[in-house]
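Reader: I would like to learn how to read a few features of a model. Please give the general idea, then the case at hand.

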Amino acid sequence: MDVVQLSATATLGVTKAPLTVIPDAKAVTYGSSVPVYSFTTSGWRNGESPLTSPAGLVLPTCGSSYSPSDAAGTAPAITCSGGSAANYTFDTSKTAAVTVGKATLSVVAEAKSVMAAAGVRVRPV
């Protein structure tokens, strides 16, 4: 029986793994300062995470159009952008919202006294 040996060369392509970036929703009270925006990621491989600082990691940033003068009941969108790493692509298409709630208004009555002039009738309340 004849034995034939064959060899070949092949190229293996390795593509970057996709990471999904999800901004964290925020709730503020009318007039509150702009919150600190944060996000979570999913899709890390080989035990990597932002804590392990994979090669070339630059985290995305998140923000919104929220300002302290935004009316209660509004919900400006939170979006993220950017981010890069040697072995990952960043999907920043997910959004969340800053929900603006009503502020509590406190009213405190202040006691006052009135002196009646001669001939003016004052009726107690």
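Author: Start with burial. Buried means under 20% relative accessible area, exposed means over 50%, and partly exposed lies in between, with a 1.4 Å probe and protein chains only. Here, Cys62 is buried, and Cys80 is buried too. This is a predicted model: local features need pLDDT of at least 70, side-chain atom pairs count only at pLDDT 80 or more, and totals for chains, interfaces and linings use all residues. Residues are numbered from 1 along each chain as its sequence is written, and side-chain values use heavy atoms, with hydrogens and water left out.

Reader: How many disulfides does the rule count?

Author: The rule takes a pair of cysteine sulfur atoms within 2.5 Å as a disulfide. The count is one. Cys62 is joined to Cys80, with S to S at 1.9 Å. The link of Cys62 and Cys80 is right-handed, with 90° about the S-S bond. Distant parts of the chain are linked by this pair: Cys62 sits in strand E4 and Cys80 in strand E5, 18 residues apart. As for the labels, helices (H or I, at least four residues) and strands (E, at least two) are DSSP runs, numbered from the N terminus.

Reader: Which strands form the open sheet, and in what order?

Author: First the general idea. Strands of a sheet pair through backbone hydrogen bonds, either parallel or antiparallel. Two strands pair if DSSP finds at least two bridges between them. In this model, three strands form an open sheet in the order E3-E1-E6, with mixed pairing. E3 and E6 are the edge strands, each pairing on one side only. From one strand to the next, the twist averages 30°. For such angles, axes are lines fitted to C-alpha atoms (for helices, over the stretch in contact), and angles run from 0 to 180 degrees between N-to-C directions.

Reader: In what sense does E1 pair with E6, and in what sense with E3?

Author: Strand E1 (residues 17-23) pairs with E6 in the parallel sense, over four bridges. Ala17 has Tyr88 in E6 as its bridge partner. Pro18 stands opposite Thr89 in E6. E1 and E3 run antiparallel and are joined by four bridges. There, Val21 has Thr41 in E3 as its bridge partner.

Reader: Which residues of E1 lie on the covered face?

Author: Ala17, Leu19, Val21 and Pro23 do, while Pro18, Thr20 and Ile22 make up the uncovered face. Strand E7 (residues 96-101) also alternates.

Reader: What pairs with E7?

Author: Strand E2 (residues 26-29) runs parallel to E7, joined by four bridges. Ala27 has Thr99 in E7 as its bridge partner. Strand E5 (residues 77-81) runs antiparallel to E7, joined by two bridges. Ile78 stands opposite Ala96 in E7.

Reader: How many aromatic pairs does the structure hold?

Author: Rings of Phe, Tyr and Trp (its six-membered ring) pair if their centres lie within 6.5 Å; planes under 30 degrees apart count as stacked, over 60 as edge-to-face and the rest as tilted. The structure holds one such pair. Trp44 and Tyr88 are edge-to-face, at 4.9 Å centre to centre and 65° between the planes. This pair links distant parts of the chain: Trp44 lies in the loop between strand E3 (39-42) and strand E4 (61-64), Tyr88 in strand E6 (residues 88-91), 44 residues apart.

Reader: Why does Trp44 count as buried?

Author: Because its relative accessibility is 17%. Tyr88 counts as buried because its relative accessibility is 3%.
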